Amino acid sequence: MLMADGKITTQQKAAAVIVALGADNASKIYKYLKEDEVEQLTFEVARLSQIPAEDLEKILDNFYQVCLTQKVVTEGGVEYARDVLEKAFGAQMATSLLDRVTKSLRTKAFEFIRKADYKNIIAIIQNEHPQTIAMILSYARADQAADIIAELPKDIRMEVVERIATMDRTSPDIVKIVESNLEQKFASLMSLDFTEFGGVNYIADIMNNMDRANEKFIFDELTRKDAELCEEIRKRMFVFEDITTLDDMSIQRFLREVDSKDLVFALKGANQEVANCIFRNMSTRSSESVKSDLEYTHNVRLRDVEEAQQRIVGVIRRLESEGELVIMKGGKDEVIA
């Protein structure tokens, strides 16, 4: 069964590959999957109906490209893989494939962390150097990292947050040393030349999962030490697409504050889900007016769209700080009607 709009989901693509490989080869792949992955994949295979030959060919071709990418990355490193892939598929496709594969490979490192209870992780890392803690948390789930940071001593807490936010790349050897010092409780590092982790986007994700008291403390302290970095993290904590997570009353509230031109420009680059969410909370007259403006607004620069979306996000965050609306954070907020 395909999606109603004809699009094939990632899960359906995986199911299509399994079917195309045949029962014998599929059974070999199943041995390497976790129970929940086997269950999900089997479910998709069972409900998969016929896929057009053209679509199946594209799916299998993409699967081959990903397999090839992982092979050359593992055997020769990132730069060697880039050279091979650019010659085979072109620069743009090579970059896309490398992004997908390196992200997938990264999840293999420190797998123990993502499965462990955060209290057990704290017991393991609490006496480590802040840089080491930052490195480890960069491989944890965002909700785990938020819980761990919240329980660290205040002086250590701030240093760890800063180090995660400003972290860029590290060499595999350093990570291997950390793994060894933690008595081999973590998975072996994949064979990549360098591993990207941490950074502003990741710390923003952590902060989105943080309780508000600790969030305020961290931002107050960070503002004094590095106001520019603090603002950069704030900007990324709630993105325009997150409007779909707001309740109707909150959406109606911020729409009263938003400049109409900003709304039109922002919607030019918005996905349909966000657009539907906004139009649903507007009066018929206002909705028709904005849709009319959208129809006659052409050649809008991406930068202008992003700036308009950021101004709207700024309005939402201001209204939240004033208690005018609620941004649900990682399912932790309790709202009393």
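Q: In which helix does Phe-265 lie?
A: Helices are DSSP runs of H or I with at least four residues, numbered from the N terminus. Phe-265 lies in helix H17. The model is predicted, so that local features need pLDDT of at least 70 and side-chain atom pairs pLDDT 80 or more, while totals for chains, interfaces and linings use all residues. Residues are numbered from 1 along each chain as its sequence is written, and side-chain values use heavy atoms, without hydrogens and water.

Q: Which residues does Phe-265 touch?
A: Contact means heavy atoms within 4.5 Å. Leaving aside residues up to four places away in sequence, Phe-265 touches Thr-297, Val-300, Asp-304, Val-305 and Ala-308.

Q: At what angle do H17 and H20 pack?
A: Axes are lines fitted to C-alpha atoms over the stretch in contact, and angles between N-to-C directions run from 0 to 180 degrees. Helix H17 (residues 260-268) and helix H20 (residues 302-321) pack at about 120°, with axes 8 Å apart. The contact involves Asp-262, Leu-263, Phe-265, Ala-266 and Lys-268 of H17, and Asp-304, Val-305, Ala-308, Gln-309, Arg-311 and Ile-312 of H20.

Q: Which charges sit over rings, Lys-154 over Phe-217 being one case?
A: A charge sits over a ring if NZ of Lys or CZ of Arg is within 6 Å of the ring centre and within 35 degrees of the ring normal. Lys-154 lies over the face of Phe-217, 5.0 Å from the ring centre; Lys-291 lies over that of Phe-279, at 4.8 Å.

How values were computed: Helix = DSSP H or I, 4+ residues; strand = E, 2+ residues; numbered from the N terminus.
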